[in-house]
Amino acid sequence: MRTLKTLLVVWLGLTALLLSHVPAAFAHGERAQMPQLRMRAVHWIDVQVSTAKLGVNDIVKISGKFMPSEYWPHHVNSIEDTAYLNIGVPGPSFVRLDSRVNGVPMIRSTSFRRGELYDFEIVLKARRPGRYHVHTVINVEGTGPIIGPGTWVEVTGDPAAFENTATTLLGQTIDLENYGFGNVKWWSALWFAMGLAWFVYWLTKCPIAIPRFKRASELGPDADQMITPMDRRMGGIFLALTLTLIAGGYVYAQEKWPITTPLQTGKIDVPPLEQPTSPVSVRLIEARYRIPGRSFRLELEVSNKGDSPVNVGEFAAGNLRFINARILNVQPRDEHDLVAPDALRVEGAPVAPGETRRVVLYADDAMWETERMTTMIASPDAVVAGLLFFFDGRGRRYMVEFGGPMIPDFGMVKT
Amino acid sequence: MKVDKMPLPPAQTELRATEVGLTSAAEQHRAYVQADLLIIPLIVMLFMGIFSFHFALLVGDWDYWVDWRDRRWWPLVTPLALTVLPGVFGYLLWEKLRLPLGASLTILCLTLAAWISRYLNFHLFADFPMNFVWPSTYIGLGLIIDCLLLLTRSFFWTGLFGGFAFGLLVYPLNWPLLAPFQVPVELHGTMLTVADLMGYEYIRTAIPEYVRIIEESTLRTFGEAVTPLTAVFAGFLNIMNYWFWLWIGYLGSKAIWIRKIV
Amino acid sequence: MNTIDTLPSSNAYAAPRAPWARMFLVLSGLLSVYTAYRIYQHTTAFTVGLDYFSEDFQKYWMTLLYIQLPVLFALGAGIVGWIWHTRDRNLDRLAPAEELRRYFVLLGQLMVFGIIAYLTASPVTEADAAWHQVTVRDTDFTPTHIMLFYFGIPVFITGAVVAFVYARTRLPQFAKRLSLPFALVVAGPVMIMPNVGFNEWGHTFFYAEELFAAPIHWGFVLLGWATFAAGGLLVQILSRIVELTKVAGSHPVIEAMQGPEGKQVTRRNESVKAEPAVAA
């Protein structure tokens with residue numbers, strides 16, 4: 001016993017020592033996903049988080065838009081089949097009170113069309129204190145979680161103060177943190193006691209293992225002689241008690257909860273947003289990623305059918321945002337907001353009304369490396385996609401998606 | 001370590017060395033008790049481990065989450081997977097020890113392991129409220145099998161009646177625990193059960209709604225007979241299921257010696 | 001260290017006792033390690049264990065993996081090597097009482113194996129279930145995989161192999177022939193490692209969901225079923241213990257002549273007070 005105590009104390013001490021240096025941050029894991037899939041799955045646009053700091057029981061809203069990519073890879077299950085709007089947090093640190101896409105509640109699964117635009121809003125209530133990197137997520141059946149941008153949200157307060165109630169259609173207000181559990185515990189304990197009593201009855205015959213094995217082997221086909229009349233009586237009593245309890249429990253439950261409904265499931269449809277026709281169209285001529293310079297070079301053919309010259313203000317791919325500081329001022333919300341405020345260089349723009357011309361973009365930032373987008377060169381399907389945000393002279397914004405093959409530049413061939 | 005040593009009369013020493021192990025009935029009793037003290041906890045631990053592993057990987061999700069316990073799949077999948085250890089070890093304990101404990105003890109062990117794991121892993125570790133992740137109760141089913149085996153002393157009749165009851169009664173046995181979670185609520189114009197509501201509110205990032213394998217409506221669910229229909233079907237299947245696993249238990253308890261592996 | 005295990009077989013008589021003290025020491029050691037590991041996992045998994053590519057993950061989880069694998073391998077190989085090295089080379093001269101004691105040691109080792117089996121197959125396995133159902137899978141090395149596949153399963157394998165090699169080197173009936181049920185009980189845990197390879201391959205290439213009862217996991221179930229052969233092993237052990245616990249004085253020749261009929265057996269057992277009362 002002393003040894004046990006000593007060992008425990010030593011281990012707990014070592015663990016405590018080690019853990020005293022663990023930072024209390026809740027990161028995420030989307031960097032493991034293949035970059036070209038991240039670029040060709042869902043584009044998240046204008047994602048806003050209502051607050052970065054809140055108390056237990058307070059509300060945080062996440063809203064914005066998303067667009068499933070036209071370049072969704074054919075070899076993975078499509079978002080047009082079955083999908084579900086979700087949230088990426090480690091465990092239920094928040095409870096989800098509402099989630100909607102284009103106003104439709106996203107309680108059930110749905111599907112989204114490629115190339116269409118969707119508005120979303122998710123309402124969360126803080127449940128556990130901590131600092132969380134909260135992501136939007138769309139789970140796609142057979143494909144996995146498509147992770148959107150993340151924001152650090154800090155929750156403070158007392159976890160015991162968390163409240164979560166609901167009112168049933170029978171008018172009863174229930175506390176979802178413990179509703180029904182007293183009942184579950186009571187019945188589980190009762191059955192456990194029954195099972196244990198049966199086990200203990202046979203244990204009273206100890207020693208049992210060797211003597212009974214010996215007797216049963218010796219008696220062979222007559223081993224039933226080992227069963228005593230008392231055993232049979234106990235068998236009868238336990239059987240009768242078990243059947244009575246099952247029947248009684250069922251009748252009791254029917255009396256107490258006469259109105260119940262089956263679990264609800266089934267898909268729901270969401271109509272996409274109506275999008276005005278964009279006057280800007282883009283054709284990818286060439287995409288090259290230069291590894292030594294962490295530089296992505298895009299050569300595009302841009303046509304402007306509008307009435308005002310357009311320029312590129314932002315290039316977004318795989319949740320990374322490269323901003324042309326001459327057009328836009330976007331600053332990262334926190335240390336992990338994947339915004340490079342001045343990392344987009346544009347040559348050949350603006351494009352005048354009615355003009356079609358070649359535009360070259362350079363998106364240069366260490367984010368390519370830190371977010372492991374450089375592993376796109378290790379993909380068996382080196383096709384990329386991204387979203388370009390054009391702005392005209394009147395401040396109007398036009399989103400255009402492009403996609404196509406990517407050629408890596410290892411810096412070993414002089415061009 | 002200490003080893004009890006005692007001198008023996010020369011005549012007995014020789015006999016003992018070649019033929020038998022112990023000198024007195026008291027010593028034999030002590031050996032029997034020691035064997036029990038080793039074998040019973042060993043069996044309990046193995047049942048807890050094997051059953052928990054087996055059940056987690058075959059039924060798991062239906063038993064983890066209260067919003068998975070539907071009328072169509074849960075009462076069908078559960079008895080089919082749950083009968084395996086009662087069959088295998090029921091054969092061993094009855095045939096070799098004449099103990100009608102195979103079903104109730106294995107399920108008792110599963111239940112204990114499930115409560116420990118649900119509390120440690122799903123409640124403390126993943127932080128779900130216990131009322132969302134409680135394990136169902138199946139001990140009553142084990143008792144039916146064991147008591148019938150004791151009373152009929154026949155695997156055939158135990159399979160026929162016990163195996164059937166085992167499949168039939170999963171739902172009614174659990175109904176007093178489950179019913180309150182299937183009371184309807186409304187959320188944003190959608191009707192849900194309390195269980196669905198909890199599944200929606202308590203976020204599971206990697207378990208989206210569509211992953212649930214639960215009853216979907218069909219044009220041929222006549223007369224709202226889903227639960228009894230599933231229960232009876234599960235019962236019939238389970239008769240053969242119980243007999244099959246008894247046979248596996250018979251194979252497993254064979255003391256086979258071989259000269260070498262290949 | 002100078003136990004009867006290390007001594008050559010002799011006819012010296014010792015009333016057989018299970019190695020309780022040593023067993024509890026091993027169990028308390030094991031429980032301490034599992035508990036400490038669990039506390040570590042509980043505290044760090046959701047903080048620094050969510051992103052394989054973060055520095056914190058490399059520091060807190062990959063370092064642990066790199067340490068535990070060679071340590072466990074060395075420990076397992078060391079224990080098994082020691083058991084083999086100190087094997088009994090005179091099994092034909094083994095006294096029944098000593099043989100019985102060794103059966104108690106084997107049962108003690110199997111009990112340790114049973115506790116490892118429970119800890120690994122239930123709380124550690126389901127920590128993995130809980131984890132993967134609430135987080136986004138990133139790489140094959142998640143905090144719960146590192147504890148389950150690269151700590152729990154190797155310990156599980158070691159527990160099985162230790163008991164098997166002990167029986168092969170110390171107990172005549174297991175040394176002369178190979179117990180098929182025992183081999184199956186050992187093969188199950190060993191084969192889990194190749195199945196881990198299949199599991200990771202499958203999760204990478206064709207199964208994207210985190211359903212725990214999914215077909216991709218059924219290989220583990222099948223290997224878990226290898227323990228169904230524990231029944232056969234128990235029969236082998238019990239059969240021999242029955243022989244070894246016979247009391248001197250009830251002459252073996254007379255016993256051998258008695259048939260399986262109840263009456264004769266009951267009469268014979270009259271001399272053995274330890275037998276439970278048995279109804280005719």
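A salt bridge is a side-chain nitrogen of Lys or Arg within 4 Å of a carboxyl oxygen of Asp or Glu. Arg128(A) and Asp127(B) form such a pair through their side chains, at 2.9 Å from N to O. This is a predicted model, in which local features need pLDDT of at least 70 and side-chain atom pairs count only at pLDDT 80 or more, while totals for chains, interfaces and linings use all residues. Residues are numbered from 1 along each chain as its sequence is written, chains are lettered from A and ligands numbered from 1 in the order in which they are written, and side-chain values use heavy atoms, with hydrogens and water left out.

**Interface of chains B and A**

The rule finds two salt bridges across the interface of chain B and chain A. The side of chain B that touches chain A is made up of 54 nonpolar, 13 polar and 19 charged residues; here Ala, Val, Leu, Ile, Met, Phe, Trp, Tyr, Cys and Pro count as nonpolar, Asp, Glu, Lys and Arg as charged, and the others, Gly among them, as polar. Contact (heavy atoms within 4.5 Å) involves 86 residues of chain B and 92 residues of chain A. Buried area is the accessible area (1.4 Å probe) that two parts lose on being put together, summed over both. In chain B, Tyr200(B), Ile203(B) and Tyr210(B) lose the most area to chain A, together 10% of what that side buries.

| Interface | Buried area | Share from carbon and sulfur atoms |
|---|---|---|
| chain B and chain A | about 7900 Å² | 70% |
| chain C and chain B | about 7500 Å² | 72% |

A polar contact is a pair of N or O atoms within 3.5 Å; within protein, one must be able to donate a hydrogen and the other to accept it, and residues adjacent in sequence count only if both atoms are side-chain atoms. Between chain B and chain A, 38 residue pairs are in polar contact, both residues at pLDDT 80 or more.

**Interface of chains C and B**

Here 89 residues of chain C are in contact with 86 residues of chain B. No salt bridges are counted between chain C and chain B. The count of residue pairs in polar contact between them is 23, both at pLDDT 80 or more. The largest share of the side of chain C that touches chain B comes from α3(C), with 26 residues. By class, that side has 55 nonpolar, 23 polar and 11 charged residues.

**Chain C**

Chain C has 10 helices and two strands, where helices (H or I, at least four residues) and strands (E, at least two) are DSSP runs, numbered from the N terminus. Of its 280 residues, 64% count as buried (under 20% relative accessible area; exposed is over 50%, partly exposed in between; 1.4 Å probe, protein chains only).

**Backbone features**

Most residues other than glycine have a negative phi, and most peptide bonds are trans. The bond from Cys206(A) to Pro207(A) is cis, with omega near 0°, and Pro207(A) is in the loop between α3 (181-203) and α4 (209-219) of chain A. Ala349(A) and Pro350(A) are also joined by a cis peptide bond, with omega about 0°. Asn57(A), not a glycine, has a positive phi of about 80°, and counts as partly exposed because its relative accessibility is 24%. Thr139(C), not a glycine either, has a positive phi of about 65°.
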